[in-house]
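Biologist: I'd like to learn how to read the features of a fold like this. Could you take me through them step by step?

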Amino acid sequence: MGSGNSLHTSSSSVSIHTLNKSQDEIVRIMMPTYYTKEPVTIQDIEIAKGLFNYIMENKAPGFLSIKESNPDKQYTSALVYVYETFYARLFEVIPTAKDLFKTGFTSQGQGLVKLMAFLLMDPADIEIFKKTLLEITEKHNERGIRAVEYGIAGDCLFYSLHKALGPDVFTPYNRRVFERIFSRSLSVIIPSAVSYEIKTRSSGQLKRYQEEQ
């Protein structure tokens, strides 16, 4: 996975409030290795939308190849394949995340699609963009989602896109496009999540693990 913080996926990991570092330093540590401050361009947005359209229109080469080689497997659409692959990968890397999803993967997959559509918008008003991301983060904070897990989720998303689109379409250049887009969101989300963990002494996360035991 792209995040250098995979050791934090264990419930026995050190809580963020025990670190003797400033909040800015903690935010820096929580950022995945693919994180970049490179600005998102209009061209980036157009490229990402074009790639996502391959999936929405069931024309994703990787998906078509997998479907052809697995005729007994009932893949209803490339989109379903993407979010099933995403969650399978996420639960493989963060097994405890599975208990966070109580409403079924279909509705969660729809939520993932809505989030992707939001991230691929070129925000005319950056403050509204940030406000929406903060509202999403606040809900996730209450559910016990940790700052470090957002970067890992991004890696799982890139993994699922690579599987669906195939290496000839999801090239290193195009992956970098998505990394810039996702990093723009992480620059808002992770500081908020870190601040919440410090303020509450990770009580939401502790509650999450207590419920799982």
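Biologist: Let's begin with a helix pair: how are α4 and α7 oriented to each other?

Modeller: First, the ground rules. This is a predicted model, where local features need pLDDT of at least 70 and side-chain atom pairs count only at pLDDT 80 or more, while totals for chains, interfaces and linings use all residues. Residues are numbered from 1 along each chain as its sequence is written, and side-chain values use heavy atoms, leaving out hydrogens and water.

Modeller: Now the general idea: two packed helices are described by the angle between their axes and the distance between the axes. Axes are lines fitted to C-alpha atoms, for helices over the stretch in contact, and angles run from 0 to 180 degrees between N-to-C directions. Angles under 35 degrees count as roughly parallel, over 145 as roughly antiparallel, 65 to 115 as roughly perpendicular and the rest as oblique. Here, the axes of α4 (residues 78–93) and α7 (residues 147–165) cross at roughly 135 degrees and come within 8 Å, so α4 and α7 are oblique to each other.

Biologist: Which hand does the crossing of α4 and α7 have?

Modeller: A crossing is left-handed if the near helix is turned anticlockwise from the far one by less than a right angle, and right-handed if clockwise. The crossing of α4 and α7 is right-handed.

Biologist: Which residues of α4 and α7 meet?

Modeller: Contact means heavy atoms within 4.5 Å. From α4 come Y81, V82, T85, F86, R89, L90 and V93, and they meet I152, A153, C156, L157, Y159, S160, K163 and A164 in α7. By class, the contact of α4 with α7 has 11 nonpolar, 2 polar and 2 charged residues. On the classes: Ala, Val, Leu, Ile, Met, Phe, Trp, Tyr, Cys and Pro count as nonpolar, Asp, Glu, Lys and Arg as charged, and the others, Gly among them, as polar.

Biologist: Let me zoom in on A153. Is A153 buried or exposed?

Modeller: Buried means under 20% relative accessible area, exposed over 50%, and partly exposed in between (1.4 Å probe, protein chains only). A153 lies in helix α7 and is buried, with a relative accessible area of 18%. Not counting residues up to four places away in sequence, A153 touches F86 and L90.

Biologist: What about α6 and α8, how do their axes cross?

Modeller: The axes of α6 (residues 126–143) and α8 (residues 172–200) come within 9 Å and cross at roughly 40 degrees, so α6 and α8 are oblique to each other. Their crossing is right-handed. In α6, F129, K130, L133, L134, T137, N141 and E142 meet R184, S185, V188, I189, S192, A193 and Y196 in α8. By class, the contact of α6 with α8 has 7 nonpolar, 4 polar and 3 charged residues.

Biologist: What should I look for in backbone phi?

Modeller: Most residues other than glycine have a negative phi, and most peptide bonds are trans. N58 has a positive phi of about 60 degrees although it is not a glycine. N58 sits in the loop between α2 (42–56) and α3 (61–69), and N58 counts as partly exposed at 34% relative accessibility.

Biologist: To finish, how many helices and strands does the protein have?

Modeller: Helices (H or I, at least four residues) and strands (E, at least two) are DSSP runs, numbered from the N terminus. The protein has 9 helices and 0 strands. Of its 213 residues, 47% count as buried.
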